[in-house]
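Work through the exercises below with the sequence and the structure side by side. Try each task before reading its solution.

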Amino acid sequence: MRKTFALILLTAVVTACAGAVPSPSPSPNPSPNPSPNPSPNPSPTPGSDFYLRAWYTQALPPPSTFAWLPPLTISDGLVIDGNVAVPAIYPGPLLIVPNARPISAAGIAMIVDQARRLGLLGEVTDFTGGGAMPGSRLGQLRIVVDGVTYDLVGNPDTAQTCHGGSCEAEPGSAEAFAAFWQELTFLDPWIGTELGASVQYDPERVAVLLTAPAPPEPGLEQRLVTWPLDESFFDLGVEFPGQAGSRCATLSGADLDKVLPVLLAANQLTVFHDIVDGQASLLAVVVPPGDDSPCPDEV
């Protein structure tokens, strides 16, 4: 009987313990967002619908500005930096390729918040302050936020000494535009922790302008290089206004795969010859995402 009573008591204790389910421990704080993927072509991330491009314009003949590379483009979660250090030699490289690095969604949000704080995402689009001289160099900004496009113009050279997200310029002023531009050119002190590793950008489009062959210069080597596409220069692209006999083309896909290594190995004095031995010198520029080609009637 004592054994029976002990067995019943043990069964009751086990049952009671089984019914007492402990409360789950609170989940630890979520880990911060991982560092941006260092790949030069990352997968789209939150905020990848955001677009920003900063570039210069000036009243100069089109060939003079053909090879101007935008200082900054942000597209599909990638920062494309056109401020590339180029050796101060002549002849210099024919094609300047920008650097690229991923940017996190948090980094994009910081840029958008700063643009709003400085009064740049409203109805005002002209931030020249009415003091722009005819023909002067101006900064252009295209910002796309939540499906709305803001095309802004201002003078980036307006005196500013602030960067790193700490500028206190009057919102909506010419100084605010200049401050924002300056901050975009110094992203590392501002949002460096939201940027991935910098690598050379792999361009999807390159525009080329074919002109009359450059004459040789005393004491400088001038290389003659075969043009890798199976067509004459006269059949390439479209005519370029104001340049008699010139042709302009935007290369992409398989054509760019063939031409890009040749452009990267060339310099400003290189002369190219085509399949019928037509000869030409080139200007070349990387066309970032969202930018129009400098060739007329091409995008």
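**Exercise 1.** Determine whether Asp76 is buried, partly exposed or exposed, and state where Asp76 lies.

Solution. Begin with the cut-offs: buried means under 20% relative accessible area, exposed means over 50%, and partly exposed is in between, with a 1.4 Å probe and protein chains only. Asp76 has a relative accessibility of 47%, so it counts as partly exposed. Finally, note the backbone: Asp76 has a positive phi of about 55 degrees although it is not a glycine.

This is a predicted model, in which local features need pLDDT of at least 70 and side-chain atom pairs count only at pLDDT 80 or more, while totals for chains, interfaces and linings use all residues. Residues are numbered from 1 along each chain as its sequence is written, and side-chain values use heavy atoms, with hydrogens and water left out.

**Exercise 2.** Describe Ser75 in the same way: where is it, is it buried or exposed, and which residues does it touch?

Solution. Ser75 belongs to strand S2, which covers residues 72–75. Its relative accessible area is 11%, and therefore Ser75 is buried. Not counting residues up to four places away in sequence, Ser75 touches Phe50, Tyr51 and Pro289, where contact means heavy atoms within 4.5 Å.

**Exercise 3.** Find how Asp146 is placed and how accessible it is.

Solution. Asp146 sits in the loop between strand S6 (138–145) and S7. With 64% relative accessibility, Asp146 counts as exposed. Asp146 is not a glycine, yet it has a positive phi of about 55 degrees.

**Exercise 4.** Work out how helices H3 and H4 pack, and which residues meet.

Solution. Two packed helices are described by the angle between their axes and the distance between the axes. For H3 (residues 105–117) and H4 (residues 174–184), the angle is about 165 degrees and the axes are 10 Å apart; axes are lines fitted to C-alpha atoms, for helices over the stretch in contact, and angles run from 0 to 180 degrees between N-to-C directions. H3 and H4 are therefore roughly antiparallel to each other, a term for angles over 145 degrees. At the contact, Ile111, Gln114 and Ala115 in H3 meet Phe180, Glu183 and Leu184 in H4.

**Exercise 5.** Which residues touch the most other members of the largest nonpolar core?

Solution. Start from the term: a nonpolar core is a set of buried Ala, Val, Leu, Ile, Met, Phe, Trp, Tyr and Cys residues joined through side-chain atoms within 4.5 Å. The largest such core has 37 residues, of which Val206, Trp227, Leu263 and Phe272 touch the most other members. Among the elements that each supply at least two residues of this core are strand S9 (205–211) and helix H6 (253–265). Leaving aside neighbours within four places in sequence, Phe272 has contacts that include Leu94, Trp227, Phe233 and Leu282. A second, separate core of 32 residues includes Leu152, Phe180, Trp190 and Leu195.

Key
Helix = DSSP H or I, 4+ residues; strand = E, 2+ residues; numbered from the N terminus. Parallel < 35°, antiparallel > 145°, perpendicular 65-115°, else oblique.
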